Amino acid sequence: MLDTRVPAVVLRIDRNPFHHGTLGAVRSLGRAGVDVHVVADCAGSPVARSRFVRRLHAPPSPDASADEVLAVLRRVAAQVGRPAVLVPMDDATAIAAARLREELTGSYLLPVMPSAVPERVADKAGLAAVCASVGVPHPRTEVPDTPARAAEEALRLGLPVVAKWSRPWLLPAGSGLRSTQVLHTAREARELHARTAEAGSPLLLQAYLPPGTDRDWFFHGYADRTGTVRAGGPGRKHLSWPRGAGLTAVGRWTPNSEVIALAERITGELGYRGIFDLDFRRCGATGRYHLLDFNPRPGAQFRLFADSAGLDVVRALHADLTGRPLPDGDPVTGRAFVVENYAPLAALRPAPGGRELAWWAGDDRAPGLAMWALWARHVSGRLRRRLGAAAEVPAQRPAPRAVTPSLTTDNEKASS
């Protein structure tokens, strides 16, 4: 399927050691015989243990400029020694790669599309405008310009509301700020907006679409050089982490013609090329599917959509950019994807439709074993911090009861 003479460089700036999508890309390409170079912080990460990693390279810093990313990629290209397919795994690297495409030509193979498109769709405010222009449903979105306006808009939209930072890849590490959260009071909206300068991008408030059975969907695809959406497919989220508003912990490949049509419409209107990951939520009142996020790179659970020919979106990227034909496989509907550390019980249940685990694989066991050791340290560390914080709070002693004068009347005293 793939031209194994052409290596791949998997690039990620995000410092998350539990990013199973990176491991998925390494395994997908490595199993096909491609030399895989990983440019990411894998210190302590299970990804570093995979037998399919050809070489690890130091990544750019999380706040790296485009010039700094370019310098790192040029250094890696010199070490690889031949043109390679570049596979950005987070929004920041996808945006940088699109901006730097001309400078990277000769060292890396990248999809050809307008350089501003990845940033336009990854920016939450930009996505709202894109959806409005192409007629794809999107939750009502407001961008308040002051903390007071944020409180007003929260009430106008109707509490609870969803708060998103427009460019979440700019959030500083250790700030405690989350890319997305649900706010329940106008005061929360006002206080969160006051941290805009710290976040590095505007705060958006969106109408809240309640979760529920059969409401959370996603679509992973690859738009080839002609703009045709290949590989991937629609999936239904059965369990998220954190529950109701997080990443897919359990997902299943499920037919959905409406989701497919929406994915093809928005990528076609944008002239998008390459891998993409879309998140949808169906409105319980209208039944319409609203596009919540457009990620211009592989989603972490992309390996769910490996068809009967073994094609997934990462393999489609490599084949298309190296001039190989993409095989026409059949969808493996009913197939499941489970992230074991977030859904351990689901990983143990029977899976008649087939299943892929995020970490464990029979032909690459070391990352799965390393993940459980790392996860145990992560959970125990969080527990110790919580217990330590609780111990630092002094016990509240009950206040002494005040002596109050009797309110009984002389007649009540007489009758007692």
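Let us start at the surface, where D63, D67, E68, E102 and E103 gather in a patch of negative charge. Helix 2 (66-80) and helix 4 (101-104) are the elements that give two or more residues to this negative patch. The model is a predicted one: local features need pLDDT of at least 70, side-chain atom pairs count only at pLDDT 80 or more, and totals for chains, interfaces and linings use all residues. Residues are numbered from 1 along each chain as its sequence is written, and side-chain values use heavy atoms, with hydrogens and water left out.

Patches are made of residues with over 30% relative accessible area and no salt bridge, with like charges joined within 9 Å; a salt bridge is a side-chain nitrogen of Lys or Arg within 4 Å of a carboxyl oxygen of Asp or Glu. Accessible areas come from the Shrake-Rupley method with a 1.4 Å probe. Helices (H or I, at least four residues) and strands (E, at least two) are DSSP runs, numbered from the N terminus.

D67 counts as exposed because its relative accessibility is 59%, where exposed means over 50%, buried under 20% and partly exposed in between.

There is a patch of positive charge on the surface too, formed by R382, R384, R385 and R386. One of these, R382, is found in helix 13 (residues 365-392), and with 39% relative accessibility R382 counts as partly exposed. Over the protein chain there are 53 positive and 41 negative side chains, and the centres of the two sets lie 5 Å apart; Lys and Arg count as positive, Asp and Glu as negative.

Now step back to the overall picture. The protein chain has 14 helices and 16 strands, and its C-alpha trace spans about 105 × 50 × 45 Å along the principal axes. Of its 416 residues, 51% are buried. The accessible surface comes to about 19700 Å², and carbon and sulfur atoms hold 52% of that.

Finally, visit F302, in the loop between strand 14 (289-295) and helix 11 (313-321). F302 counts as buried because its relative accessibility is 1%. Apart from its neighbours within four places in sequence, F302 is in contact (heavy atoms within 4.5 Å) with G21, G24, A25, S28, H220, D312, V313 and V314. Across the protein chain, 66% of the contacts with a separation of 6 or more are between residues 24 or more positions apart.

Note on methods
Patch = residues over 30% accessible without salt bridge, like charges linked within 9 Å, V, L, I, M, F, W, Y side chains within 5 Å. Charge placed at Lys NZ, Arg CZ, Asp CG, Glu CD. Buried < 20%, exposed > 50% of the residue type's maximum accessible area, 1.4 Å probe, protein only.
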